[in-house]
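Thank you for joining this part of the meeting. Please look first at the sequence and the structure on the screen, and then I shall go through the features one by one.

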Amino acid sequence: MTADMDTQPPDSCAVFRSLSEIPAGYGPSVVTVGNFDGVHLGHRQILAAVTAEARRVQARAVAITFDPHPEQLLRPAEAPLLLTPLAERLRLLAETGIDAVLLLPFDATFAHLSPREFVERVLVTSLATNSVHEGRNFRFGRGAAGGVRELAAMGADLGFTVHGHEPVRVRGMEVSSSAIRVLVGAGDVRRTRWMLGRPFAILSTPATGRGIGTRLLVPTVNLARYDGLFPAMGVYVTRLKVNGRVFQSVTNVGNRPTFGEASFAVESHILNFEPIDLSESTSIELEFLFRLRTERQWPSPEALKNQIFKDVARAKRYFRCLDSMTAGV
């Protein structure tokens with residue numbers, strides 16, 4: 001087994017990055033296949049069923065996923081920006097208690113496999129699969145020709161069972177990665193949190209700028225370039241996690257039009273600031289909790305400053321309410 005340091009989940013979960021890395025005799029396995037972008041509540045329900053069955057029958061619980069996302073190869077112009085970068089996806093998958101992730105390189109050769117070829121090569125030969133769990137909309141194989149019905153027919157022939165799962169619904173909404181991307185794109189981080197089961201977050205590093213050196217000496221942090229999905233432009237109540245510490249913050253996502261030429265940035269103002277060790281390589285997690293308002297151009301920097309005071313006051317009220325609810329649990 002091989003692993004890159006920045007994409008390795010906890011030691012209890014193995015990561016195989018090709019079929020050749022799977023040890024001889026590995027299995028029997030209970031398996032689920034998917035992109036798992038976001039590792040949302042729907043994914044977690046299926047992964048919990050996989051793990052429960054694997055423990056019951058003394059098998060391995062395995063999640064099969066792909067890198068890059070298949071759409072990035074098949075339809076690059078239409079490929080979605082992802083909710084979770086690869087390292088975070090692996091970490092979140094490992095947290096579910098599965099035994100292994102099979103991370104398959106998705107290239108032209110792999111994309112050309114028929115559903116039957118995928119099943120025989122991956123599920124049967126490599127993993128000795130005796131059970132598969134999938135959502136009802138699952139598609140696989142060349143041209144997405146296979147679905148749950150076709151998979152069940154192959155299973156009856158090749159010796160494994162198939163369990164179809166209905167979508168998870170939260171407050172009347174069907175949970176899916178595509179639905180979550182729509183909510184994030186609209187800035188609806190509250191309903192996004194309901195579907196993910198946690199706040200939507202960006203994982204990045206500090207951008208080059210003032211206050212970044214061996215210490216952060218000002219209460220403002222700009223995020224470096226990030227290739228995943230951003231929430232809609234606007235101002236948000238956020239939490240900034242860095243070096244094991246959690247800071248309350250207000251974050252502007254946008255072009256900062258009040259200051260002349262547009263320049264996109266994700267800028268967080270820390271409310272409970274204390275100087276901390278921070279460099280341009282420090283990992284930062286920025287959680288989006290609540291959207292305060294849209295971004296707009298103000299008539300003057302003074303008007304913007306006044307609005308920022310209001311944003312900060314609302315954010316502090318939000319955290320006081322959050323602390324009060326937490327204390328009451």
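Let us begin with helix α5 (residues 115–126), where Arg-116 and Glu-120 both lie, 4 residues apart, or about one turn of the helix. Helices here are DSSP runs of H or I with at least four residues, strands are runs of E with at least two, and both are numbered from the N terminus. Arg-116 forms a salt bridge with Glu-120, the closest N and O atoms being 2.8 Å apart; a salt bridge requires a side-chain nitrogen of Lys or Arg within 4 Å of a carboxyl oxygen of Asp or Glu. An α-helix has 3.6 residues a turn, so residues three or four places apart point the same way.

A word on the basis of these values. This is a predicted model, in which local features need pLDDT of at least 70 and side-chain atom pairs count only at pLDDT 80 or more, while totals for chains, interfaces and linings use all residues. Residues are numbered from 1 along each chain as its sequence is written, and side-chain values use heavy atoms, with hydrogens and water left out.

In terms of accessibility, buried means under 20% relative accessible area, exposed over 50%, and partly exposed in between, with a 1.4 Å probe and protein chains only. Arg-116, at 32%, is partly exposed, and Glu-120, at 34%, is partly exposed.

Helix α3 (residues 86–95) holds another pair, Arg-91 and Glu-88, 3 residues apart. Their side chains meet in a salt bridge at 2.7 Å, N to O. Here Arg-91 is partly exposed at 31%, whereas Glu-88 is buried at 8%.

What does the salt bridge between Glu-166 and Arg-136 tie together? The two side chains meet at 3.1 Å, N to O. Glu-166 lies in the loop between β6 and β7 (169–170) and Arg-136 in the loop between β5 and α6, so the pair ties together parts that are 30 residues apart in sequence. Salt bridges that share partners join Arg-136, Glu-166, Arg-169 and Glu-174 into one network. The count of salt bridges comes to 16.

Turning to the sheet, 6 strands form an open sheet with parallel pairing, in the order β1-β4-β3-β2-β5-β6; two strands pair if DSSP finds at least two bridges between them. β1 (14–16) and β6 (161–165) stand at the edges, each with a single partner strand, so one side of each has no neighbour in the sheet.
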